[in-house]
Amino acid sequence: MRSIAIAIAGNPNSGKTTLFNALTGSHQKVANWAGVTVEKKSGTHRAGDQTLQIIDLPGTYSLMARSPEEILARDFLVHERPAAVIDVVDAANLERNLLLTLQLIELRLPLIVALNMVDVARGRGQRIDAAALARRLGVPVVETVARSGKGLAELVQAAIACAQAGPNGAIAPQYGAELESAIGRIRAGLLEDSGLRALTADGGGPYPARCLALHLLQGDSALEARVASAAHNGLLALLVGQREQLEAALGEAPSEAVADQLFAQASSIGAAALDRSAEQTRTLSDRLDHFLTHRWLGIPIFLALLWSVFQLTYSAAKAPQGWIDAGFAAAAEGVRALVPLPLLQSLLVDGVIAGVGMTMTFLPQILILFFLIALMEDSGYMARVAFLMDRLMRTMGLHGKAFLSLFTGFGCNVPAILSTRTLEHRRDRMVTILVLPFMSCSARYQVYVLFCAAFFASHAATVTLSLYLISVAVALGIGRLLRRSLFPGGGAPFVLELPPYRLPTLRGLWIHTWHKARAFVQRVGTVILFGVVVVWGLYTFPRQVPLSRDFEHEIAALESAAQGAAPGRARALGRRADELRIALQQEQIEGRYAGRFGKWIEPALRPLGLDWRIGVSLIPGFVAKEITVGSMAVLYGAAASGDQVEDAGIHSRLVRKLRATGGLTPLAAYTFLVFTLLYIPCLSTVGVIQKETGSWGWAGFSILVSLALGYAVAFTVYRAGTWLGLGQ
Amino acid sequence: MHAVPLSNSGSPQPSLLSLAPGQVGTVLRVQGGFRRRLLEMGFVRGTRVRLIKSAPLADPLELELRGYHVALRREEAETVLISAAVDA
């Protein structure tokens, strides 16, 4: 059995990922390309006795090495030389897709065109003659519909045959007399130079000489650096000379003349294969866009959709959340029965199970939220959101494309910061990275869920939406400030394809959601478990705390008195005993490390209407925001064995405890949510900021700004609310 | 919102900015530093470009060319010079 490597290349929105998912199914893994943070997806496909190793290259419009994605795709194809390349071409968008096809032909690799989404093209009344296309390109063309799996078996067979037959492509694209003669001269120069010859296929290297000459002529800075570093001055001089000569002769830079020529050929090939006579001018997608990007309706519809996403996330997650909750409560009971050592029992029940269990109850919400985000992305709506929001984003100093990163930030700040790599200008990137920690991630969302259940049960979606609006307002405001002060100057231009709306495939949505959910569970198992255990330790030690009175004795006395008393009197005595129990817990917590720390910072929290217990839960929130909730479960004793509440769920018990003994007014609770939203990026986020900006200075800057700003905004909210009479 | 000129007053040639929604222009030339990317997206000489609409805040513009839709900001749209606009 042999394994052959097949790369999938193609334009963004060509259905490349759907094709990859259809070929590899669940046999795929996602990693990063070495040295950069663009996702590298690979997987395997079995066809008869052969195993195909399939690599999904980043979607690009061109191979001219302008963006990290283009550099990656080209370097992979040139240096790894896969056994065959599948070029996914959107049949409904033939001409533009063929530009990349022609560039791929230049690389002289075994190439197959997957003419994808032929059903969509046909639906629009376009008829494409695949055989004519194959003849003109000199490579096999297979019609596919990746979402239904049509044509995939033929595609795989063609790829295997192609890998065995070797490089194809009957025609090399032609660029006109002037360009061709320059290409020829540079090619000859390359072959004469002993060092550079080794780079070319003629010298046993990876690059076809003509293609290397063409790429150098177009001013590929990465390649040129490689040539310059080898001190091949003769060739550099030749290159510069040829470029100047061409520019004078053609009136435009060689790179532009090349693009012109490529498009002319793509157009003529496309026109020959495409029959547009029955084409519809107004598609369903256009009709949808009439409303979704409407001048007046577009933004209100977007806000309404965002609101429904949060509302749906709340309501649909309720039932599964209850099951998980009950599961962990049962586990706590089991541990209590099986583990005799009190300290170990406390560690497992009050630390691990209470903390991790609490966090895990949010898994249903995370799954639903990421599913809905994936739905918006895969359907094509996200591109419209960037279209709707670009002007606003730009007012605040951000690029419209950054909206996608900011939106990802609603899920998790870490991948969102990584995704800023798609921004071409450093200024755009830096501002987006520094603004991202203010985006309300799903970990913070868990705190909202808890507090909404405890304090704002009837207005949960409204309160949550208001927090998201504060989040966006702060992010955009800070962006504007940064743009004015530290990163002045213009940004990158904005070119964004608006693909037709598509019904996403369930498989694609599931793969997307599953990767996120798995990452979440892994975090619970590592960072969050560690954080929760540390919090438990702070809460449990020192074991002996000096008490103001002998609680145990008094409680015992009350209970024995209640034994023989009349029912009414017994109830009163029981209530008194419960009050003492709570007072005892409070005194114990106050004496422990967590309490001491909380007390120490309490003066700073008082102006926000918050007490020391809330303060204690903010500390571990730096490790990961989720632990705020987990540690509250510990602090408020939601899993304490002395609790006599009939309901066994940790979540519902914590909600009740917060309401009953939290000592918070709804205004203070809201202030706390605002503070939680802004006060500090979590540890992972700080790590990524350091990595992506290459400086601890920026990471520290981010921490300081968010602490100061979080405090200022929370203070303003609390004071304004009090002034408006909302403090009761 | 500040007013944005509908036509490119500094240049004798009309640009994509001179299109009204629904109108079509034929690309003559692309100027400026962002030329290459625009060329790769299909804005080459002779291409017919239709203005679909502008975004709710007037910027960017949604354009249709070669059977696909793309959003461009006004400042980039201004670099794409066209022959006179015609109603499609």
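Modeller: Glu497(A) has Val70(B), in β4(B), as its bridge partner. The strands concerned are β10(A) and β4 (residues 68-72) of chain B, which pair in the antiparallel sense over three bridges; strands pair if DSSP finds at least two bridges between them. Strands here are DSSP runs (E, at least two residues) and helices likewise (H or I, at least four), numbered from the N terminus.

This is a predicted model, in which local features need pLDDT of at least 70 and side-chain atom pairs count only at pLDDT 80 or more, while totals for chains, interfaces and linings use all residues. Residues are numbered from 1 along each chain as its sequence is written, and chains are lettered from A and ligands numbered from 1 in the order in which they are written.

The contact between the chains takes 27 residues from chain A and 26 residues from chain B; two residues are in contact if their C-beta atoms, placed from the backbone, lie within 7 Å. On the side of chain A, at least two residues each come from β10 (495-497), α3 (94-106), α12 (254-273), α14 (298-338) and α17 (381-395). That side divides into 14 nonpolar, five polar and eight charged residues. Ala, Val, Leu, Ile, Met, Phe, Trp, Tyr, Cys and Pro count as nonpolar, Asp, Glu, Lys and Arg as charged, and the others, Gly among them, as polar.

Chain A as a whole has 32 helices and ten strands, and its C-alpha trace spans about 110 × 55 × 55 Å along its principal axes.
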